[in-house]
Amino acid sequence: MGEVLMSAPAAVAREAHAGISLQVRDLRVVYDGFAAVDGVSFEMAPGESFGIVGESGSGKSTVLRALCGLTPRTGGQVQATGGGAVPAPGSRDWRRQVQMVFQDPYGSLHPRQTVDRILAEPLAIHRIGGAEQRIQRALDDVGLGDGFRFRYPHQLSGGQRQRVAIARALILQPRLLLLDEPTSALDASVQAEVLNLLEALRTRHGLSFLMVSHDLAVVTHLCPRLMVMQRGRVVETLLSADLAAHRVQTDYTRALMQAASGFQRPVRRTSSV
Ligand SMILES: Nc1ncnc2c1ncn2[C@@H]1O[C@H](COP(=O)(O)OP(=O)(O)O)[C@@H](O)[C@H]1O
Ligand SMILES: [Mg+2]
């Protein structure tokens with residue numbers, strides 16, 4: 001794959017980025033005898049944004065970490081399908097095509113590396129050439145120009161840092177982004193900007209999103225469909241429209257909605273949703 005990318009970056013840029021669909025069956029992750037994720041199943045269509053909500057400790061991050069290979073799976077099956085060559089879960093290509101964006105842009109960017117170095121690193125790991133061009137394109141993609149290239153994380157605002165973290169994920173031309181509370185550390189106005197950027201990038205590149213948030217307003221803004229987790233299990237899967245209209249099936253989801261004081265807060269800034 002690296003060779004192909006190096007010889008024809010422009011052609012790859014045009015044809016890459018078809019979102020993949022995901023089928024997850026009975027996913028299980030056990031830490032020292034404790035089942036953090038206990039039989040989770042869901043499906044995502046290519047190019048879909050699918051949300052995961054639930055109280056803290058319900059296993060949301062563990063689902064994402066198990067999918068991208070940061071945490072070993074104890075059981076269950078993960079399958080991906082889609083156009084072109086779909087990588088086998090856990091393979092090297094999978095680790096390129098499935099990228100994670102974390103909540104905390106302070107912790108996830110190395111403080112002593114410039115933006116340039118941060119963006120060059122994944123390319124080096126995956127032996128992908130054309131770094132110069134790719135770094136410039138990734139910075140443009142997230143609305144940061146070349147002027148940010150040689151800055152350090154402490155010279156950036158929280159929102160700019162999260163844009164760098166998104167650029168670092170995008171630079172590998174992934175097909176699925178796993179977003180773990182991607183805007184929770186940001187101020188409300190910046191949060192809306194970053195959410196709108198994510199949505200624009202998803203459309204532009206045909207990405208699939210799997211997004212975790214404890215904030216129902218954020219998740220329903222980006223994801224038309226979502227699942228609700230509690231203690232490592234799925235309690236229900238529903239449409240965001242149904243959630244917004246209070247058409248929910250379980251008391252747990254109802255309680256989650258009542259607890260979510262932010263649910264009524266408008267985060268929409270565009271007319272596209
Ligand atoms: N590396 C780990 N070792 C042991 N337990 C963990 C580890 N990571 C998470 N857990 C536990 O697994 C459960 C689910 O955690 P997590 O997936 O982070 O939840 P959420 O993202 O929904 O807040 C929690 O009880 C947490 O304490
Ligand atoms: Mg979490």
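A: Strand 1 (residues 21-31) and strand 2 pair in the antiparallel sense, joined by 8 bridges; two strands count as paired if DSSP finds at least two bridges between them. Within this pairing, Leu27 faces Val40 of strand 2. Strands here are DSSP runs of E with at least two residues, helices are runs of H or I with at least four residues, and both are numbered from the N terminus. The model is a predicted one, in which local features need pLDDT of at least 70, side-chain atom pairs count only at pLDDT 80 or more, and totals for chains, interfaces and linings use all residues. Residues are numbered from 1 along each chain as its sequence is written, while chains are lettered from A and ligands numbered from 1 in the order in which they are written.

The two strands belong to an open sheet of 3 strands with antiparallel pairing and the order 2-1-4. Strand 2 (34-44) and strand 4 (75-81) are at the edges with a single partner strand each, so one side of each has no neighbour in the sheet. From one strand to the next, the twist averages 15°.

Helix 3 lies across strand 1, strand 2 and strand 4, and runs at about 70° to strand 2. Such angles run from 0 to 180 degrees between N-to-C directions, with axes fitted as lines to C-alpha atoms, for helices over the stretch in contact; contact requires C-beta atoms, placed from the backbone, within 7 Å.

Helix 3 (residues 60-68) also gives the shell around ligand 1 its largest share, 3 residues. Among the residues surrounding ligand 1 are Tyr31, Ala36, Gly54, Lys60, Ser61 and Thr62; a residue is near a molecule if its C-beta atom, placed from the backbone, lies within 6 Å of it. The shell divides into 2 nonpolar, 7 polar and 1 charged. In this division Ala, Val, Leu, Ile, Met, Phe, Trp, Tyr, Cys and Pro are nonpolar, Asp, Glu, Lys and Arg are charged, and the others, Gly among them, are polar.

Beyond this sheet, strand 5 and strand 6 (residues 176-180) pair in the parallel sense over 4 bridges, and Val101 stands opposite Leu179 in strand 6. In total the chain has 12 helices and 9 strands. Of its 273 residues, 40% count as buried, that is, with 20 or more other C-beta atoms within 10 Å of their own, these atoms being placed from the backbone; 12 or fewer means exposed, and values in between partly exposed.

Notes:
Two residues are in contact if their C-beta atoms, placed from the backbone, lie within 7 Å.
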